[in-house]
Amino acid sequence: MSGTYGLYVVRQTGIHRLHPLTKLVYVLVCLLIGWLIPGVWSPYIVLLIGVVPVALIARVLPEVIKNTIKTAIPFAISLIIVQGLFWTGGTIVRQLGPFSLKAEGLLFAIRGTGRIILAVSGFLLLNYTTRSDELMLALSQKGLPNSISYVVLSTLQVIPRFQRKANTILDAQRSRGLETEGSYLIRMRALMPLVVPLLLGSIVDIEERAIALEVRAFSREGAKTSLLVLHDTRFQRAIRWLLMLGAMAVIGWRFYLWLAPRLA
Amino acid sequence: MNLSVENISFTYPGGAEALRGVTLDIASGEAVAIVGENGAGKTTLVKHLNGLLKPTRGRVIVGEWDTREHTVAKMAARVGFVFQNPDDQIIERTVGDEVAFGPRQLGQSAPDALANATAALEMVELAAESGTHPYDLTAPQRKLMTLASVLAMRTPVVIFDEPTMGQDARGVALIGNIIETLKSEDRTVIIITHDIDFCADHFERVVAMADGRVLADGPAADVLAQADLLATTNVEPPQLIRLAQALGLPGAPLSTDGFIASLRRRDGTR
């Protein structure tokens, strides 16, 4: 991974070379379809048809799978517990002591988990194959204000920097005798000495970065020069339009499904 | 406390091989400087001495303890480590409390922790700032506070990572005095530095590293006089040695007195 470009994974593939907006639109359309098409398994189908093959071609599939699982598992567990065990009414599938697992709650949790997995994997696919500065430039060229570009860009860049800083802080505190291994109680006690320097350091870091930007004319009004050149093609533009038309068709169809019974 | 680094190698998870078969024996009370260009493996090596990193091959023994078998927090009672950036550890609201953090973690009694913190603050000349918020100190002062927070732990081994970086001449002299004090207390002092003149002034033994290996290890005068060897790891000999070599003087003087003695030896005067 590259610390300079957020989560970007350097690979020489056709997916990496695509215009950032093409990938952004593709991922957003996948998410939209997965969320809007009815059915418990629709997010998973979109994931298998839309995200997995592209991640495979881009040679980032292992990274996408690993980090999607890491992110989605806590959500999945909490959804299954909350919706599966505390669903009001519904068909009881299994009795677990004082609790009963409901089929409707379970299906809701499966669908919810699928949506989260789809959103996380789509976001990761986009970020693993797209340099964040190129994505922001592409959005700026479409009229996004520079300040918003910077906020998004710095948020993406801050993740690896945060990880490195957290590791250094962990090393520094353990070297002063702070025990971080062992029971949950020990780990909880170690949390404050790790979080406080991370937060304070980050505030100082943000302030220094803001000053560094200001002294280099960041807030100057007027056009700015970009050293990056984004390559776009007529074919990609056509694909983007087709994807957006497809998304609009899905939205229209979904709206019709919602409206039709009310008009009947 | 003796340290023994036995043929260790270390590869980072990303695959970068940072150490390749390093062997070092450091006796109790020795003062050792580790020099070398960035990426030579200096920091990776010293992180093995308190167990922050565990060797991929080989082992590190710190006074009978194998670092692989103990947590870093436990090793901290034996090996103190002063990190480069003070802001990576500040947790308390006052300088005094911050310096007492390490002793408290080690389970020292409250009076001992307080006494050790006070003594350490006096050593770094920050006793008057005991009640100040750490972030109200200047950056060089915060670095000295970090140093004090490790000195207060009273460990038999103290490791410094670039302690003179960002310090003015007065700060460098103060750190030099602290190192001399630690040496006089028979504590083992290990330093990573790019400040070769500081290294020549205070360290009797120098280890030069390059590409994850020990390039040279021996008395400071011997190692620091090898200009060609040091050049391979982008280190220049100290100014006095370079001047002596330019003048064709015998030996490798590390001090002004040594330089004058070399000058007299060449001229045949006493």
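# Close-up views of a predicted two-chain model

**View 1. Domain division of chain A.** Chain A is divided into domain 1 (14-139 + 234-263) and domain 2 (145-214). The model is predicted. Between the C-alpha centres of domain 1 of chain A and domain 2 of chain A the distance is 30 Å. Contacts link 5 residues of domain 1 of chain A with 5 residues of domain 2 of chain A. Together these two domains bury about 440 Å², and carbon and sulfur atoms account for 80% of that area. On the side of domain 1 of chain A that touches domain 2 of chain A, two or more residues each are given by helix H5 (103-129) and helix H6 (132-141) of chain A. H6(A) provides the largest share of that side, 3 residues.

**View 2. The interface of chain A and chain B.** In this interface, 20 residues of chain A are in contact with 24 residues of chain B. The two chains bury about 1,900 Å² between them, with 58% of this area on carbon and sulfur atoms. Within chain A, the residues that lose the most area to chain B are A:Arg174, A:Ser175 and A:Arg176, which together make up 38% of what that side buries. The rule finds 3 salt bridges across the interface of chain A and chain B. A salt bridge joins A:Arg176 to B:Glu98, with 2.8 Å between the closest N and O atoms. Polar contacts across the interface of chain A and chain B amount to 7 residue pairs, both residues being at pLDDT 80 or more. Helix H7 (146-175) and helix H8 (184-214) of chain A are the elements that give two or more residues to the side of chain A that touches chain B. The largest share of that side, 8 residues, belongs to H7(A).

View 3. A:Ser175 lies in helix H7 of chain A. Is A:Ser175 buried or exposed? A:Ser175 counts as buried because its relative accessibility is 0%, the cut-off for buried being under 20%. Within chain A, the side chain of A:Ser175 reaches the backbone oxygen of A:Asp171 at 2.8 Å. Towards chain B, the side chains of A:Ser175 and B:Asn50 are joined by a polar contact of 3.0 Å. When neighbours within four places in sequence are left aside, A:Ser175 is in contact with B:Asn50, B:Leu52, B:Val72, B:Ala76, B:Val79, B:Phe81, B:Phe83 and B:Met153.

**View 4. Domain 1 and domain 2 of chain B.** The domain assignment of chain B gives domain 1 (1-78 + 155-236), domain 2 (92-148) and domain 3 (238-270). The centres of domain 1 of chain B and domain 2 of chain B, taken over C-alpha atoms, are separated by 25 Å. Contacts involve 15 residues of domain 1 of chain B and 8 residues of domain 2 of chain B. About 950 Å² is buried between these two domains of chain B, of which carbon and sulfur atoms give 70%. B:Gln167, B:Leu174 and B:Ile178 supply 48% of the area that domain 1 of chain B buries against domain 2 of chain B, more than any other three residues. The count between domain 1 and domain 2 of chain B is 1 salt bridge. B:Arg170 forms a salt bridge with B:Glu125, in which the closest N and O atoms are 2.9 Å apart. Polar contacts between domain 1 and domain 2 of chain B comprise 3 residue pairs, both residues being at pLDDT 80 or more. E7 and H6 of chain B are the elements that give two or more residues to the side of domain 1 that touches domain 2. H6(B) gives the most to that side, with 5 residues.

**View 5. Helix H6 of chain B.** Helix H6 of chain B covers residues 169-184. The buried residues of H6(B) are B:Gly171, B:Val172, B:Leu174, B:Ile175, B:Gly176, B:Ile178, B:Ile179, B:Leu182 and B:Lys183. These buried residues pack against helix H4 (110-123), helix H5 (139-151) and helix H7 (196-202) of chain B, as well as strand E3 (31-35), strand E7 (157-161) and strand E8 (188-192) of chain B. Just after H6(B), B:Asp186 adopts a positive phi of about 65 degrees.

Definitions and conventions: Residues are numbered from 1 along each chain as its sequence is written. Chains are lettered from A and ligands numbered from 1 in the order in which they are written. Side-chain values use heavy atoms; hydrogens and water are left out. Helices (H or I, at least four residues) and strands (E, at least two) are DSSP runs, numbered from the N terminus. The expected span of a helix is 1.5 Å times one less than its number of residues. Buried means under 20% relative accessible area, exposed over 50%, partly exposed in between (1.4 Å probe, protein chains only). Contact means heavy atoms within 4.5 Å. Domain bounds come from an automatic or database domain assignment. Buried area is the accessible area (1.4 Å probe) that two parts lose on being put together, summed over both. A salt bridge is a side-chain nitrogen of Lys or Arg within 4 Å of a carboxyl oxygen of Asp or Glu. A polar contact is a pair of N or O atoms within 3.5 Å; within protein, one must be able to donate a hydrogen and the other to accept it, and residues adjacent in sequence count only if both atoms are side-chain atoms.
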